[in-house]
Amino acid sequence: MPYRLVLSPRLAVPRWLTAATLIGGIVFGLICCAIFLIAFGVPASDLGNEFILYVFGNSAGLDQTLTRAISLTLVSMSVALCLRIRFWNIGVEGQLWMGALAATAVSIYQIGPWFLRMPLMIVAAMVGGALWCGLAAVAKVRLRADEVITTLLLNYVAYLLAQDLLYGHWRNAADQFPMTPVFPKYEQLPNFGTWHLHYGLFIALIVVVFCWWLCRYSRFGLLSKAVSENRTASRALGIPVARITLTTACLAGAVSGLAGFSIISGEEHKLTQFVGNDFIFPSIAIAYLGRANPIGVFIAALAVAGLYTAGDSLKAFYQLPDTVVVTMEAFLLMTVAACDVFVRYRISILRQRPKVATEGQKA
Amino acid sequence: MTVTTTDRAGPAAEHRLPASSGAVAVRMQSVRKAFGDRIALDGADLSVAWGEVHALLGENGAGKSSLMNILAGFYGADSGVVEVDGRSVAFAEPRAASAAGIGMIHQHFKLVGPLTVLENLRLACGKRAGWTSHEAALSASQTMARDLGFVLPMDVRVDQLSVSEQQKVEILKVLLGGARILIMDEPTAVLAESEAAGMLDLARRLADDGRAVILITHKLRDVSATADRVTVMRAGKTVIDGASARGLSSAELARAMVGGETAVVRRGAASLSAQVVLELKGVGTAAAEHDVPLRDLNLRLHKGEILGVAGLGGNGQSELLETIIGLRAPIAGDIIMHGETAPVQPAERREAGLRFVPADRFHLGLFGSLSLAENLAVPALSGRRPEKRWWVTKGWMRGRAETSIRDYEIAGGVADTQARLLSGGNAQKLILAREFEGEFSILIVHSPVRGLDVRAAAAVQNRLLAAAARGVGVLMISEDLDEVLALSSRVAVLSHGRLSDAMPIEQTDRAELGRLILEGH
C-alpha cells in the first residue's frame, strides 16, 4: 500500500481540542447507544423522549436522576482524588460499606445525644471509609502492596462484614429480616418536599467544592500533582510523598464513606443488604469521563445518573434488561477513551517512503 | 496502517562469512550528525576489517554511541560515507541494519523479562532465522549456544537469569539473527572480573571465525588484551583512526581520549576554608542491578570551594548524588553536614541547606507536565515552612516565576509553559533557578552543562563560580575532564564506586587524571 498512517505525539495540546474530543466522544457514544437501542426495538422517535424529557424534563425523572447522582458523585470523586496521585482505588464499594456500617453503629448503639447524632454519623462514616482506603495506602507505602489488589479485595471483606452484622447482631428483631430497624427521624437526611431527593445533595455539593479547591488552589493539590508526575523527583525535592499518598487515600475513603451515609440516611433510612452494590464500575467510568477534575466528575455523574434513569424507563416500557444501561455506559466510556488518541497524537496520512535501506543486505 | 516490510536475506544467507579475512567490513568516513544545536559527530571515521576485534574508545559524549547508532540504523547521518562490505548504505531503521548483518549488543539489554530464553530468541529473530516450529528454534538455538560454549537453559525466564547469562542471550539473539558485524557496547561493564575475561575471549573467537567485532569500551585493559586495532574518538571526531592496538601505550591512548592540550585554567591557589560543610566517611551503598555500589567513599567538601569529581559515567556518579541528597540510604559509613550527622530524609537535608542539580533533568529534577511556574513553586510549598498553604493561585506562582525566568534567561519562558517543552539548556536553567533560590550552603551538581550550547554552558558555569565565591561548597560531579579542570579548585576521581583522594588542581594534570580515570586507583 502506498499510504501509511503516522501517529506523532503532540507536544502541546490546545484547550479547545481537549474539549472538542471530549464532546465528540460523548456525541459519538450517544449515537452508538441510539443505534444499539433501535436495534433492540426502541422506536427511533421515542429516543429523544426517553433521554431528554423523562430524564431531565419531568419531576419524577429529575428526582430520580439527582438522587442517584449524589452517591455516584461521591464515589466517583473518591476514585478521581486517588487517580490524581495515580493510586488506583477500586475499592469504593468497600469504603462505602464501611462508612455505612460505622454510621449505622452510631445509630444502633445510640452514641451521643439525639441532636448530635447525625453529625456523629457523618463523622463516623468518613472515618470508616478513610480507614478502609487508608489501610490499602499504608500497605502500599510500607509493603509496596499493589493497591489495585488490596482495595479490590477489601471490598469483599467489608461486604461480608456487613452481611455478618445484618444476619447477626444487627438483624431487625421485630421481623427477622436482614436489615436494621428504620432510623428515627433525626437520623434521616430531610427530603426536598415530597421528592426522594434529600439533603445529601448538599453533602455532595460541599464535597465537589472542597475537592475543587483542594485540587486547584491548595498547596496539597500542587504537591500531589508533582507526586503523580514524578515520585523520585518529588522525594528528592523534599515533598512528603508517603504522607501525600496516605492523606489522599484517607480523604478519598472518607468521601466514599459519605456516600454510604447518604444512602442509608437519605434513601434507605436503614442499613440493608443492598446499599453498596454496583458502584465500582460506574465510579471508575465517571472519574475517567470527568478527567479526574472535581467539576468534571460532578457533571459526568449527573450524566451517568441520567443514563440510569433512562435505563429504568427503558426497562419498564420496552422490557429491556438491566445490563442495557451498563452497555450504554461502556459505549460512552469507550468512545471517549478512544477519542483520546486525537488529543495525544497528531495523525497524518503519508505516502509510503521509498526504501533506501535495502542495499546493504544483498551482501 | 501498513507494516513496513523489509526484504530479508533468506535463511540461506545467514552465517555466511566472507572468504577473505582482512577485507573491509565497515567503512565510515567524515560522518556528521547534529541533534538540533548540539553536534554529536563532526567528521568521524572508522574502518573495521573482517576477522578483527576493533576497539572504539572515547569519553562519554565523545560520539561513540552516536556513530554506532548510525551504523545500526537507529538514526541516519547528516552527511558522510557509510559502507558495509564495500557497498554504500543508509539504513532507514534498525531492522534494515540487522538484515544487512549488523548486530548490536546493547549495554542495557533489550530482553523481555517474563519470557523464556527461547521465547526471547524466537521473538527477536524467529522470522529472520526462518524457524517454523518450536523444535526448529530450539535445536538451532542449542546448537549455536553449544558452539559458543554457553551453558544456558532455554526454558528459563530471562528475568531469572544473572546479568552475564542475560548478556549471553543477547549475543545469541544477534548471532542467530545472522549478524556478521557485531557491535558490543561496553560488554564488560556489567560483568565480574572472571566473567569479563570470558567475554573478551568470546569476542576474540567470534572475530577469528571471520566476523567483524566492534568493541565499545572505556577500559584500556580490554583494548590491550583483546583488540587488534583501536579507534579513539574525542568530541565527535576521530583522533586515532584504526591504529594497531599493540603499538600504543596506555598513556598515549589516555592522552588521545582526554585531549592533549595542557590549557588548564590554573586558578589562583585560593586558600581552602577550614570549614567543612559536607563530609562522607567510609560511605558504602548496596549493590543492585545496573547500579555501581559505592565503596568506602571518603570526601570532605569545604566552604566556598568547587570540588570536582572526575570519572567516566557509570562509575557511581548517580549513586553518589543520590546518596548525598538522601534518596539512597548508605549501608555503611556516615554523612555529616555542617559537623552533624545528616538527617535521613531528603526534605530535612534540603532544609539544612543542601541543593542539587541532577544529570538527568527530568528523572530527578523537573516535573514535565507541570508548568514552569509550578516547577519553581514546588520547593517553596514543601518543607516545614511553606510560603503558602491554603490559597495557592496561578497568579502568585506566575509572579514569582517571572523574576526567575528573567534572571536566568529561560528562553521561551512563558510561566505557563509545560517544563517538558523546554530545550535541554532551558530545562537546566529552570533547575538552577529553582535550586539557587533562597539560602543554601551545599550544592551538588552532576554534569551541569551536558547537552548545553557554549553560551548556556558558560552561563551555568558562571553561576557555579559565583555560588562558590559566596561561600557555598560545590561538589561538581562531571564526566567531562575539561570542565573539571576549568572550574574546580580540587579534584578527585571516581572509578568503580571508589573515590580517590582529592588533589589540589595545581598539583595534578590531565595525564595523571586520565590515568586514574582509566585505570582506577
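Modeller: One definition before we start: domain bounds here come from an automatic or database domain assignment. Keep in mind too that this is a predicted model.

Colleague: Got it! How far apart do the C-alpha centres of domain 1 and domain 2 of chain B lie?

Modeller: Those two centres are 32 Å apart.

Colleague: And which residues go into each domain of chain B?

Modeller: Domain 1 covers 19–258, domain 2 is made of 275–353 + 441–521, and domain 3 takes 365–438.

Colleague: Let's talk sheets. What is the strand order in the open sheet of 6 strands in chain B?

Modeller: The order reads β6-β7-β8-β3-β9-β10 in chain B, and the pairing is mixed. At the edges sit β6 (102–105) and β10 (237–244) of chain B, each pairing on one side only. On average, neighbouring strands of this sheet are turned by 15° against each other, direction ignored.

Colleague: Do β9(B) and β10(B) run parallel or antiparallel?

Modeller: They run antiparallel, with 5 bridges joining β9 (residues 229–234) of chain B to β10(B). Arg234(B) stands opposite Lys237(B) in β10(B).

Colleague: Nice. Which strands does helix α8 of chain B lie across?

Modeller: Helix α8 (residues 250–258) lies across β3 (53–58), β9 and β10 of chain B, and runs at about 30° to β9(B).

Colleague: Switching to chain A: what does UniProt list as "transmembrane region" there?

Modeller: The unreviewed UniProt entry lists several spans of chain A, including residues 118–139 and 197–215.

Colleague: How much of each of those two is helix in the model?

Modeller: Residues 118–139 of chain A are 100% helix, with end C-alpha atoms 32 Å apart. For residues 197–215 of chain A, the span is 84% helix and 0% strand, and the end C-alpha atoms lie 28 Å apart.

How values were computed: Residues numbered from 1 in each chain as written. Chains lettered and ligands numbered in written order. Predicted model: local features only at pLDDT ≥ 70, side-chain atom pairs only at ≥ 80, totals over all residues. Pairing = 2+ DSSP bridges. Helix = DSSP H or I, 4+ residues; strand = E, 2+ residues; numbered from the N terminus. Axes fitted to C-alpha atoms, helices over the stretch in contact; angles between N-to-C directions. Contact = placed C-beta atoms within 7 Å. UniProt positions renumbered as here; feature names shortened; annotations may be inferred.
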